[in-house]
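Have your viewer ready and the sequence panel open beside it.

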Amino acid sequence: MVKVCSKCGKRKSIFDYDFSNKKLNKRRAECKECRKPQSRKNHSERIAKLGYPKEIHDKLNKLGSGCYGVYHKSVKIGPIYIGESDKIYARKTRHFSKWEDGIIKKDQSPIQILLTLGKIKKEELFFKVLKQMPNSTKKERLDEEEKLIEKWNKGQLLNKQKKPPLLFGIVN
Ligand SMILES: [Zn+2]
């Protein structure tokens, strides 16, 4: 499929356009190339919101391949969530942000669901890198994640729970 970009007027493959709404399979009117300056600006603005300089952000991102734990200050026995990522610090941002429209979405992590429901607060959470695995493959990280889940799970991990957990006073 080919589509004409509303900015540069070039005919380009549909894959040269970002999604505006993936669910509805809708794509933007401007091609990726034309949207580059805007995309960069959006990215810098998101980083600026995190409150630390871009150099540090980039450094953290490079560091961060491996497994991590999300902890809640009221749960002393261990992390409440264990995950893996090739960009741990970006993942942290995602976990700790709640959806602004307050609607629970399918791909939200249990942490985000609890935040959205107001059962926990961002300030009560902390994040630790449990194992740094530079240049690891997804499979290696998933294996390590499984080991860590086994090691740390005393019933408090939200990983395998499909519904909002009983922890934090939520009754299913
Ligand atoms: Zn264009």
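Here is a short tour, beginning with the overall layout.

This is a predicted model, in which local features need pLDDT of at least 70, side-chain atom pairs count only at pLDDT 80 or more, and totals for chains, interfaces and linings use all residues. Residues are numbered from 1 along each chain as its sequence is written.

**The whole chain.** Colour by secondary structure and you will find 5 helices and 7 strands in the protein chain. Helices (H or I, at least four residues) and strands (E, at least two) are DSSP runs, numbered from the N terminus. Their order from the N terminus is β-β-β-β-α-α-β-β-α-α-β-α. Of the 172 residues, 19% are buried; that label takes 20 or more other C-beta atoms within 10 Å of a residue's own, with 12 or fewer for exposed and partly exposed in between, C-beta atoms being placed from the backbone.

**Strands S5 and S6.** Select residues 66-72 and 81-85: S5 and S6 run antiparallel and are joined by 5 bridges. Click Tyr-68 to find its bridge partner in S6, Gly-83. Strand S6 has 4 of its 5 residues buried, so it is largely enclosed by the rest of the structure.

**Helix H3.** Next, select residues 88-96 and show Ile-88, Tyr-89, Lys-92 and His-95, which are buried. They span an arc of only 110° around the axis, so they sit on the same side of H3; the arc is that of the directions from the helix axis to the C-beta atoms.

**Ser-6.** Finish in the loop between strand S1 (2-4) and strand S2 (11-13), where Ser-6 is found. Ser-6 counts as exposed because it has 11 C-beta neighbours inside 10 Å. Draw a distance from its C-alpha atom to that of Cys-34, 28 residues apart along the chain, and the separation is 9.3 Å.

Conventions: Pairing = 2+ DSSP bridges.
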